[in-house]
Amino acid sequence: MNVPVKLQEPLKQNLLGMTLQDLEAFFTSTGEKAFRASQVMKWMHQLLAAEFDEMTNISKTLRETLRQKACIDVPEIVFDQTSTDGTRKWVMQLEGGNKIETVYIPESTRGTLCISSQVGCALDCSFCSTARQGFSRNLTAAEIVAQVWMASRLLAKNTQDNHRITNVVLMGMGEPLLNYENVLKAITIFMEDNAYGLSKRRVTLSTSGVLPKLDLLGQQSDVALAVSLHAVTDEIRDSLVPVNKKYPLNELMASCRQYIKNQSAKSHITFEYVMLNGVNDSREDAIKLIKLIKGIPAKINLIPFNPFPDSGYECSPMTVIKEFKEILMKAGLIATIRKTRGEDIDAACGQLVGKVEDKSRREKKFETLRYGMAK
Ligand code: SAH
């Protein structure tokens, strides 16, 4: 019997996640000139074209080839809400049903987009609600870039011209260094002149400290670094940020010192420190913090804890946070208290809760899957 053969549509390559180098390779492999790469890159990321047919300085034949071999694919927006303070949150639905969140935070002189790098997170920090969802998968480079692309398009529609993205921070869902390759591609695209053209000081990667990857990042990129420190002793950090059991404080600090050595003289590391009542907010903690980061050009960002149901933690009182800050400032450090934004739409740090199907089966395969790599 003759069974009809169903011809599979050839897999199209999503150009959104390609660096200039990737695009050049793509075009030369299709027999085209490499300079098409920068043209198409500008169309996608600067003119925010969604279709190849919009690319009017490209011949019809090439546009047709592109339609057959490639795509500009973005996740569907299933939620778009603006907070009373102007913070805007989007939930995007990925192929396969997972959801991720992206948050835009407008300020008078800048607009910061906080993007996700993974679906869920495997690090299990005890004070973060994303941890409760478990981990599903890494985002592709295209899915990471799509968040900036999509937000740029939607903000461009807004008539107020101060609504634009000047800074991108990888502080949404996920641990960026556990999705190293894709994150590196995405930040390269954010900083690429033919794409978003953001300077290295305006793209910040926040990590809990996955050290071998942090060391590699220092060699391969000069993206601004934020480190989720949150505690000054291994005992307390182990309980808050469990990856500390694998990469303890002395090793983390050594990597930070090395990272900054590779950077330009003006760079600094931002240390994030969540303020948890009675856990890590004493005067002694502040004094130990000063010693711990001695010699590292640093800014300390004190983050008032954002509560969520059954977290088991409380935010330190504002008087304690201010006193903590004063101690740091008196020692000559730059310390700021992060303003909590978008609380009414659950867009604040640690409140991003997409629907995630936990694939990590954390109970059973704790060590290997959590950190995804051997030390
Ligand atoms: N995985 C990365 C980036 C994600 S979170 C990292 O660990 O750095 C961005 C920041 O928000 C981190 O410093 C994180 O520790 C902090 N955070 C998480 N939950 C929070 C909460 N409930 N309240 C305040 N800050 C929180």
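Me: How big is the second largest pocket?
Reply: Its volume is about 320 Å³, counted as the space filled by probe spheres set on grid points. A pocket here is an open set of points on a 1 Å grid where a 1.4 Å probe fits, with protein on both sides within 12 Å along at least five of seven lines. It's a predicted model: local features need pLDDT of at least 70 and side-chain atom pairs 80 or more, while totals for chains, interfaces and linings use all residues. Residues are numbered from 1 along each chain, and side-chain values use heavy atoms, leaving out hydrogens and water.

Me: Which residues sit nearest its centre?
Reply: N14, D73, V74, E95 and E143, out of 16 lining residues (an atom within 4 Å of a point). β1 (13–14) and α5 (141–156) each give two or more; strands are DSSP runs of at least two residues, helices at least four.

Me: And where does that pocket lie relative to the domains?
Reply: Between domain 1 (13–71) and domain 2 (76–370), because both give residues to its lining. The bounds come from an automatic or database assignment.

Me: OK, what about the largest pocket?
Reply: That one has about 1300 Å³ of space. It has 45 lining residues, with R110, V169, M171, T204 and N301 closest to the centre. Strands β5 (99–106) and β13 (298–304) are among the elements supplying at least two lining residues each.

Me: Is N301 buried or exposed?
Reply: N301, in strand β13, is buried at 12% relative accessible area (the cut-off is under 20%).

Me: What does its side chain make a polar contact with?
Reply: The side chain of R338, at 3.0 Å (N or O atoms within 3.5 Å, one able to donate a hydrogen and the other to accept it).

Definitions and conventions. Buried means under 20% relative accessible area, exposed over 50%, partly exposed in between (1.4 Å probe, protein chains only).
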